Amino acid sequence: MKICQRLIYLDRLIKLKATGTPKELSQKLGVTERAWYKYRDELINGLNLPIVYCSFCRSYIYTEEGSFEIGFRKINDDENEDLNTVEIITVEEVDIINRL
C-alpha cells in the first residue's frame with residue numbers, strides 16, 4: 001500500500017471508529033505493530049493529528065472535529081495576496097512524511 005493510500009485509509013478507519021486494536025490496525029495497514037506506533041507518534045507529534053486510542057470503542061478516534069487532507073490546491077488570483085499567511089511545510093515535516 002502506498003503512503004497516500006495508507007493515510008487515506010487510516011483517516012477513514014478513524015472516522016468510522018473501526019481501526020481495532022493497535023495490533024489489528026497494523027495488520028490492516030500492512031505494517032508491523034512497532035512501525036504503527038512510530039507512525040502514530042509522528043502523526044500526533046509531527047503533524048498534530050488529534051488521535052487517541054479509545055479502549056471503550058476499541059479504536060483510535062479523533063479528539064476534535066475536522067478532516068485530514070492530502071493534496072495540492074492551486075491558488076487563484078484573489079488568494080495570491082494571502083500567500084504570506086500560507087503555512088509552509090518544514091524539512092522536518094517532509095522527513096516525517098517520507099518515513100511513513
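**Basis of the description**

A residue counts as buried under 20% relative accessible area, exposed over 50% and partly exposed in between (1.4 Å probe, protein chains only). Helices (H or I, at least four residues) and strands (E, at least two) are DSSP runs, numbered from the N terminus.

This is a predicted model, in which local features need pLDDT of at least 70 and side-chain atom pairs count only at pLDDT 80 or more, while totals for chains, interfaces and linings use all residues. Residues are numbered from 1 along each chain as its sequence is written, and side-chain values use heavy atoms, with hydrogens and water left out.

Within α2, the buried residues are P22, L25, S26 and L29. These residues lie on the same side of α2 because they cover an arc of only 100 degrees around its axis, the arc being that of the directions from the helix axis to the C-beta atoms. An α-helix has 3.6 residues a turn, so residues three or four places apart point the same way.

The buried residues of α2 pack against α1, α3, β1 and β2. On the other side of α2, K23 and Q27 are exposed.

**Loop residues**

K17, in the loop between α1 (3-15) and α2 (22-29), is not a glycine, yet has a positive phi of about 55 degrees. Its relative accessibility is 47%, so K17 counts as partly exposed.

N48 belongs to the loop between α3 (33-45) and β1 (51-54). Although not a glycine, N48 has a positive phi of about 60 degrees.

Definitions and conventions:
Contact = heavy atoms within 4.5 Å.
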